[in-house]
Amino acid sequence: MNVLLVNTNRIRPPIAPIGLDYLADAVVEDGHGVRVLDLCFEDDVESAVLKQLRDFEPHVIGVTVRNTDDCYFTGAAFFLPDVKRVVEILRAHSDAPIVLGGVGFSVAPEAVLQFVGADFGVVGSAEDSFLLLLRSLQNGRDLSTVPNLVVNRKGLVRRTASRIFEAECVRSRSRMHVDNVRYFREGGQAGFETKRGCNKSCVYCADPVAKGRTLRLRPPKSVVSEIKALLARGIDHFHTCDSEFNIPADHAKDVCREIIDSGLGDRIRWYAYCSVTPFDREMALLLRRAGCVGIDFGVDSGVDRMLRNLGREYTVDDIEQAARLCREQGIVFMFDLLLGGPGETKETIRETIEVMRRINPDCVGVSTGVRVYQGTRMADLVCSLPDAVRESSLHGDVESSPLFLKPVFYISPEIGADIVAYTQTLIGDDPRFFIASTEASQSNYNYNENAVLIEAIRSGARGAYWDILRRLRCG
C-alpha cells in the first residue's frame, strides 16, 4: 500500500515531527511505500497537498496533530481549524481513508476526530496499531480487532480496546524521512526520545493520557545510534522529547554512560526535561560528561503546599538540592513555574517568586493559568466544582468546548484573570524571569511565532529555546 504521512504543524520556529519520522520507518519495514508531506515549509498548502495526491496516489493517509493549541493563557492559539482544513482538502481530492495521530490528537481523541472529520485515529504510540490498521484495511478484516483505534462513522465515534505494545521502543530509527537538516538550520535543535510514557500523577499533565502511564524504555545503544545518524548530517544540538529524562533514574544513567562510551560526549550539546527527583550527584555528573549542557526542571511552584496540590512528589528542599548539583557540574538550568492552580493565592505566588530569587536558577519560565485537558485529574476537579465556583475559575472558550478541546484555563478564584499583571509586578525587570505574552521581546516565553527567537536562530543561535532567549537577554 502507498501511505502518505502529513505533518500539519506549521508553527515557527519549526520543530521536526519525530513521531512521523519514526512511523515512516515502521511503515517501510512492514513492506509499504511511504512519503512524508511536510506542510511546515509549504507556502501554498493546497497546492502541496494536490501535488502529492497526484504524484503518489496514496491508499491511506496519516495526519499528525502535534498540538491542539499553544497551551498559554496569554496566547490561546487554537490549531485544529488548520488541521481540519487540510483534512477537507484531502477529502475533496482523494478517497483514501484519513487517519489522525500524534500527541495532540491523543489528548482528546474522540473530540479531535469529530472536530476535524477524519475517518480514523490512532491513540498513543502509533507504529504497531497503525500497521495493524493498514493490514486490516488491505485485507478487509474487522477493524474492531485493531487496538487503540478511534473510528468515525457518519459522526458516530467509537473506540476499540487499549493496548500497550511493550516492544515498540526496540525499532530502528533512521531519521531519514523528514528534512532534519533544514529543521536544525531553521529550528536550532533536533529531538530524540529515550523512552515513552509517564507514570507520574501531576494533576494537570496530559502526558500520561496521550503517551500512556506505562514506561517503555529504549535500549541505550539504539538511542546513541539515532544521535549518530543525525550527527553525521551536521546536527549537533539536541533536546530530549521524554516527559522526564531522569525517570527512571537507572535507565537515564545508562543512556548517559552509552553516550560517554561512544565518544559523543565531547561532540554534541544537548538539553533535557528533568524531574527535580530523582536527581543525585551521579546523575548530574553523568549528564555533564555525556554532553548535556542545560536542564529544564518543571518545578511548578516554590511552596510545598502548592506542590502537593499539583500532585508533585518533591519539596522546595529538593528543588534547592537539584540547583546545587547543577551548579557543581556547570550545567545551565531553568525552573518552569505553573501559577494559578488549586489553592493558589497572591501570597503563594509572591512566596514562589521570592524562593526562585533565593535559589537563583539561570532563568525562570513563568506560565499562568492551568490548561485543562480531558482525562486529567484537573478536569475531574473542575467538573466537580459547584457551578458558581467553576464559572469564576475557568477562562477561555468554555461554552463551545465541553470536553476542553479548545483552550480552557483554570485560575484559582482567589486571584482571577489579573494573575498575569500581578505576577509581572512581582517579577519587575528581573532578567532571569520569562513570562508568556503576545509581545515580541526577549522575555516572551511563548515560543509560537516568537520573532526574537526566529531571528536569533536565523543568525546562528542553537540549543533549547529557553537557553537561546536567556543568552540574548542575560549574556
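Helices (H or I, at least four residues) and strands (E, at least two) are taken as DSSP runs and are numbered from the N terminus. The structure is a predicted model, in which local features need pLDDT of at least 70 and side-chain atom pairs count only at pLDDT 80 or more, while totals for chains, interfaces and linings use all residues. Residues are numbered from 1 along each chain as its sequence is written, and side-chain values use heavy atoms, with hydrogens and water left out.

Two cis peptide bonds are described here. Pro248, which lies in the loop between S11 and H10, is joined to Ile247 by a cis peptide bond with omega about 0°. The bond from Arg12 to Pro13 is likewise cis, with omega near 0°, and Pro13 is placed in the loop between strand S1 (2-7) and helix H1 (18-29).

Glu57, in the loop between helix H2 (45-56) and S3, is not a glycine, yet has a positive phi of about 50°; with a relative accessible area of 56%, Glu57 is exposed. Asn148, found in the loop between H6 and strand S6 (149-153), is also not a glycine and has a positive phi of about 60°, but at 8% relative accessibility Asn148 counts as buried.

In helix H7 itself (residues 180-187), the buried residues are Asn180, Tyr183, Phe184 and Gly187. Seen down the axis of H7, these residues fall within an arc of 100°, so they line one face of the helix; the arc is that of the directions from the helix axis to the C-beta atoms. An α-helix has 3.6 residues a turn, so residues three or four places apart point the same way.

A salt bridge is defined as a side-chain nitrogen of Lys or Arg within 4 Å of a carboxyl oxygen of Asp or Glu, and by this rule the count comes to 38 salt bridges. One of them pairs Asp128 with Arg171, the closest N and O atoms being 3.0 Å apart; this pair links distant parts of the chain, with Asp128 in helix H6 (residues 127-139) and Arg171 in the loop between strand S7 (156-159) and H7, 43 residues apart. Both Asp128 and Arg171 are buried. Another salt bridge is formed by Arg312 with Glu244, with the closest N and O atoms 3.9 Å apart. Arg312 lies in the loop between H12 and helix H13 (316-329) and Glu244 in the loop between strand S11 (237-240) and helix H10 (249-261), so the pair ties together parts that are 68 residues apart in sequence. Arg312 counts as buried at 13% relative accessibility, as does Glu244 at 15%.

Arg257 forms a salt bridge with Glu282, and the closest N and O atoms are 3.0 Å apart. This pair links distant parts of the chain, Arg257 being in helix H10 and Glu282 in helix H11 (residues 281-289), 25 residues apart. Salt bridges that share partners join Glu127, Glu168, Arg173, Glu193, Arg196 and Arg216 into one network. Arg257 counts as partly exposed at 32% relative accessibility, and Glu282 counts as partly exposed at 38%.

Note on methods: Buried < 20%, exposed > 50% of the residue type's maximum accessible area, 1.4 Å probe, protein only.
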